[in-house]
Amino acid sequence: MSSTFLTCRGVVKRFGPTVAVDGAGLEVEQGHVMALLGPSGCGKTTLLRLIAGFEAPDAGEIELDGRLLNAANTFIPPEKRRVAMVFQDFALFPHMNAGANIAFGLPRGADKRGRVAELLALVGLQGLESRLPHQLSGGQQQRVALARALASEPSVILLDEPFSNLDPSIRARVREEVKQLIHAIGITALFVTHDQEEALSVAQEVAVMMDGRVLQTGSPSQIYLHPTSRAVGEFVGNANFLAGTVRDGIVECELGQLKVNAGFEGVADVMIRAESLALSEETGTPAEVLSVEYFGHDQMLTVRLESGTLLHIRLLATPQLPPGQRVGVVVRGDVFAFPAS
Ligand code: ATP
């Protein structure tokens with residue numbers, strides 16, 4: 001038994017020839033909000049469904065609050081797990097009003113009226129009890145779904161891509177509201193996303209999943225600033241990769257001899273994030289601007305070194321440089337090196 005609240009150990013799930021989850025391990029502390037981040041098809045939803053008990057693993061253990069939910073001869077059914085799931089499309093009953101949708105999540109015999117009122121207040125939807133789902137905004141529908149999930153007083157709440165169904169114009173605000181709400185309630189939450197910005201901004205901890213395994217878990221800044229593998233560095237943030245060689249704490253690559261904290265010597269994949277590159281007229285490796293993506297608050301330049309290597313450089317909104325402009329590229333931030341893949 002571990003001291004962590006929710007633990008997955010060596011969880012495997014196959015669908016015929018497809019290995020959806022391939023020995024995934026995860027540890028979530030009580031009251032923490034963790035994001036399970038990874039590209040499409042890496043097994044995130046399957047792992048969530050295994051924790052919820054909607055699927056049975058082929059191997060591995062899942063433990064919640066000191067109780068084994070899945071093990072060699074153990075399978076606790078979903079309704080006995082004290083785990084609640086909020087689905088991507090919210091899964092509200094369209095013909096039931098907000099109050100009735102929330103009451104659906106309550107155990108039999110509960111003081112339904114009183115609890116529904118409490119839950120509506122908890123998610124900030126007082127007065128909207130009689131509205132049907134289509135009479136609520138996307139953000140409000142999500143809060144009804146959240147209240148319905150909380151109704152059963154779960155130990156942990158699982159959210160599958162909770163923000164992907166929301167209009168982009170309200171996504172950031174709803175994200176912030178849901179984050180505040182989950183933190184205020186203090187419930188342990190695990191949410192799935194393929195959106196790195198969402199994972200880094202909402203969660204206290206991020207687990208990066210690829211090919212059915214959890215590659216790295218840590219705080220958002222640990223994941224971003226200290227990726228332990230090229231795969232994690234590449235997936236989280238905007239990174240450039242160059243071939244190089246590490247010797248005595250220095251990596252030699254096309255951009256020069258750069259200080260690096262690599263922990264190994266030899267042939268390396270050098271990673272430099274787009275915001276760690278800058279332009280200098282006098283010094284720097286010669287390059288030509290190929291294209292500019294302008295975002296208002298900043299811009300992303302694509303430049304080509306004389307060797308043909310393409311680099312992305314994130315700069316403030318000025319100066320504006322036309323394609324074809326000759327520039328010099330300098331390194332102004334962290335340099336990472338991973339053993340060459
Ligand atoms: P996405 O972000 O696109 O939702 P994901 O990371 O959540 O992806 P999963 O939905 O867990 O990934 O799927 C992992 C793999 O398992 C995929 O190859 C998928 O096609 C496969 N898979 C998932 N569920 C089933 C199923 N019921 N039957 C067969 N294959 C499945």
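Okay, let's start with Thr193: skipping its neighbours within four places in sequence, Thr193 is in contact (heavy atoms within 4.5 Å) with Ala35, Leu36, Leu37, Gly38, Lys44, Glu161, Glu198 and Ala199. A quick word on what we're looking at: this is a predicted model, where local features need pLDDT of at least 70, side-chain atom pairs count only at pLDDT 80 or more, and totals for chains, interfaces and linings use all residues. Residues are numbered from 1 along each chain as its sequence is written, and side-chain values use heavy atoms, with hydrogens and water left out.

So, is Thr193 buried or exposed? Its relative accessibility is 0%, so Thr193 counts as buried; buried means under 20% relative accessible area, with a 1.4 Å probe and protein chains only. You'll find Thr193 in strand 9, residues 188-193; strands here are DSSP E runs of at least two residues, and helices are H or I runs of at least four, numbered from the N terminus.

Next, the cores. A nonpolar core is a set of buried Ala, Val, Leu, Ile, Met, Phe, Trp, Tyr and Cys residues joined through side-chain atoms within 4.5 Å. The largest one has 46 residues, and Ile157, Leu159, Phe191 and Val208 have the most contacts inside it. Helix 4, residues 138-151, gives the largest share of this core, 7 residues. Apart from that core lies another, of 30 residues, including Leu47 and Met85.

Technical notes. Buried means under 20% relative accessible area, exposed over 50%, partly exposed in between (1.4 Å probe, protein chains only).
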